[in-house]
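I opened the notebook today to look up the open spaces in this structure and one packing of helices.

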Amino acid sequence: MLFKKLAEDKLAIPDTWEVSLSAGRNKKETFERLILENKLGALAFLRNLRNMEDAKVDRDIIKKGFETINPRWLLPINYMMAYKASPRWAQEIETLMFKGYATQPKLKGKTVFVVDVSGSMGGGISEKSGSNRLDVAIAMAIMAREVCEDVVLYATAGYDHLYTHKTLLLPAHRGFALIDTINKAHHSLGGGGIF
C-alpha cells in the first residue's frame with residue numbers, strides 16, 4: 001500500500017517543522033501551531049528553543065510545549081545542549097529532565113561515578129557537534145544523580161607541570177547545579193592529565 005502511494009505520487013506530506021519551514025511558512029506560526037497541536041517531538045522542541053526565541057514564539061505557548069512533550073526518549077546530552085543554547089529556559093529544561101528521569105528504573109545499590117575533568121575532555125565529540133567530552137560527562141553525572149539509588153560523584157584530573165593527580169568528592173548537587181560544580185572542579189584540580 002505504501003509503495004503504491006509512493007509510485008502514484010499520492011504519499012501524504014508529513015506535518016513537521018522542517019517541511020513547513022522548507023515550504024517558506026512563517027516560523028512563529030509554524031512552531032506555535034505544532035506546539036498547540038502537540039505535533040512537535042521532544043527532541044525537535046529542545047533543539048529549536050533558540051529558533052523559537054528568535055522567531056518570537058509566544059512565551060506561554062513555549063511553556064505549554066514544556067508541559068505537553070514526552071521526554072521519554074531524550075538523552076542526557078539533549079538537555080545539556082538545550083541548556084547551553086537557551087539558558088533563559090534553564091528551569092523549564094531542568095524540570096522536563098527531572099520528569100524524564102523520574103520514569104527510569106533506579107540502579108540498585110551504591111554507584112561510584114568518576115568524572116574525568118582533565119584537559120582532553122575539552123575536545124569535541126564530533127566535527128559538527130557543539131558539545132565536548134566534558135559536556136557529555138557532566139550530562140551523564142546529572143543523570144547518575146537521578147537514576148542511581150545511592151551515588152557518590154567524584155571529579156579527577158591533575159597538574160601536568162607537577163605530574164600530580166587529584167580526585168575530589170563532589171557535593172550532592174542535583175540538576176544543572178552540577179555543571180558549575182564540575183566546571184569548578186576542572187579548574188581546581190588543574191585541568192591537566194591524569195597521572
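I began with the lining of the largest pocket, where I count 9 nonpolar, 5 polar and 2 charged residues (Ala, Val, Leu, Ile, Met, Phe, Trp, Tyr, Cys and Pro count as nonpolar, Asp, Glu, Lys and Arg as charged, and the others, Gly among them, as polar). I note that the model is predicted, so that local features need pLDDT of at least 70 and side-chain atom pairs pLDDT 80 or more, while totals for chains, interfaces and linings use all residues. Residues are numbered from 1 along each chain as its sequence is written, and side-chain values use heavy atoms, with hydrogens and water left out.

The largest pocket holds about 290 Å³ of space; a pocket here is an open set of points on a 1 Å grid over the protein atoms alone, where a 1.4 Å probe fits, with protein on both sides within 12 Å along at least five of seven lines, and lining residues have an atom within 4 Å of a point. The volume is the space filled by probe spheres set on the points, which are joined across faces, edges and corners. Of its 16 lining residues, Arg47, Ile77, Asn78, Met81 and Ala82 are the closest to the centre. I find that α7 gives the largest share of this lining, 5 residues (helices are DSSP runs of H or I, at least four residues, numbered from the N terminus).

I then turned to the second largest pocket, with a volume of about 170 Å³. Of the 13 residues lining the second largest pocket, Arg72, Leu74, Tyr101, Gln104 and Met143 are the closest to its centre, and this lining divides into 10 nonpolar, 2 polar and 1 charged.

Note on methods:
Helices (H or I, at least four residues) and strands (E, at least two) are DSSP runs, numbered from the N terminus.
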